[in-house]
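Colleague: Can you walk me through this one? I have the sequence and the structure open.

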Amino acid sequence: MREDVAVETQVTELLRTLIRNACVNTGEATSGHEARSVDALEEFFAGSGLSCERYTSEPGRTSLITRIEGRDPAAPTLLLMGHTDVVPVNPSGWRRDPFAAELVDGIVWGRGAIDMLNLTATMAVATRRLAAGGFAPRGTLVYLAVADEEAGGVYGAGHLVEREPEAVRCDYVITESGGVPIPTRSGPRLRVAVGEKGGNWRKLIVHGTPGHGSRPFRTDNALVTAARVVQRLAEYRPRARILDAWRQYVQALELEPALAAALTDPERVWETAAGLENLALAREAHACTHTTFSPNVAHGGTKVNVIPDRVEIDVDIRSLPGIEATEVDAMLADALGDLAARVTVESPPNRRRGGTMSPFDTPLVHVLAKVATALVPGSQVVPGITTGGTDAKFFRWKGIPAYGFGLHSTRIPYTEYPLMFHGHDERVDTESLRLSALMWETVCREFLA
Ligand SMILES: [Zn+2]
């Protein structure tokens, strides 16, 4: 038990350091400054016998790798990956300073506490403990702390997979997100993320004809057209698709049988989600069974007395795994209807890749299930689909199974988690930190030994 306390203290302090480093990624190449947290991790690993490699894609955008080399080249290599960057905050909405990493009554407050500096820290602690204890496994363990996950990963995991394939060569990857206990009648369910949707973002350029704002009658105002475009996108209903992972997940939740059946029926899932009182489940059910279209940014017009000839709309489109970029284009044309002729559609760079899936029935998932059940008695792992993007995609695109997992206590209810991701008052309890650190360590011992 004393050792458990030591683990909890060690991981809590490392997490607080990473939060205070405030590696805020605004999406600009010059933001992030993840080298700060790479320095901190290098310092953390010092004296354990581990040696660290640094990989810098752009100034300040540094990722770190350390590894415990296996004895048997035929044994699998497991890569534990955490990101060190975080999204910006709006401090006025927080109850505590988002970068002070205050520890209050067993809760660490701060940006990144659950996305995902908690896991980056717990994976580091497990790796260090294994190395310091002389762990000599058959298979290789790779610990990877990456930059730039929050802006799509091109300066971090994407850079490494494309430019440094030898450094990140592996057979399995574990990263965020999952492992928050969902209560059911027959015990907690722990989600293992097996797949994620594709970020098929598009920029719509709505065209019009400029003119004098004092004579609007029968003009071709791009902003007026854009309003109709936005409305059509918001009302668009693509066909639902039921993935196996969604079906298994819904079954594991032990909902009313009629509700479970409706949520896994492509003909009924939309109406069912529309009528659900549980808004979190409604949004999840909709996003996990449809390609979604969210018009989120609009820029247009130049001056109050000029009829605008151009409006740009950025649409966050998330395609289900199995949907190709050309199908997304077809859906978009379908949504716009006769307005399509007045709109030019552009794809930002790297935004025509599809969603990704890994099999649930693999030796690694079996070990995750066994270890998690030992640490959270009565629990059961279930497959899940991540609606947002993670760095797992870079590995899945290469055919390497990648999973999102972690282990949390029930101190913070699972219903709070969706609000904390990229939201205000992000925080984690130290028991969850201990559980995750011990889980990674045991998984490595079971899977690589
Ligand atoms: Zn994240």
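Modeller: A term to begin with: a salt bridge is a side-chain nitrogen of Lys or Arg within 4 Å of a carboxyl oxygen of Asp or Glu. This is a predicted model, where local features need pLDDT of at least 70, side-chain atom pairs count only at pLDDT 80 or more, and totals for chains, interfaces and linings use all residues. Residues are numbered from 1 along each chain as its sequence is written, and side-chain values use heavy atoms, with hydrogens and water left out.

Colleague: How many salt bridges are there between domain 1 and domain 2?

Modeller: The count between domain 1 and domain 2 is zero. By the rule above, the count comes to 34 salt bridges.

Colleague: Where do the domains run?

Modeller: Domain 1 covers 2-178 + 361-367 + 384-448, and domain 2 covers 198-238 + 291-354; the bounds come from an automatic or database domain assignment. Their contact (heavy atoms within 4.5 Å) takes seven residues from domain 1 and five residues from domain 2.

Colleague: Back to salt bridges. What does lysine 398 pair with?

Modeller: Lysine 398 pairs with glutamate 162, with the closest N and O atoms 3.5 Å apart. Lysine 398 sits in the loop between helix H12 (392-397) and strand E18 (402-404), while glutamate 162 is in helix H4 (residues 157-163), 236 residues apart. Helices (H or I, at least four residues) and strands (E, at least two) are DSSP runs, numbered from the N terminus.

Colleague: Which residues make the contact of H5 and H10?

Modeller: Val229, Arg232 and Leu233 of H5, and Leu332, Ala335 and Leu336 of H10.
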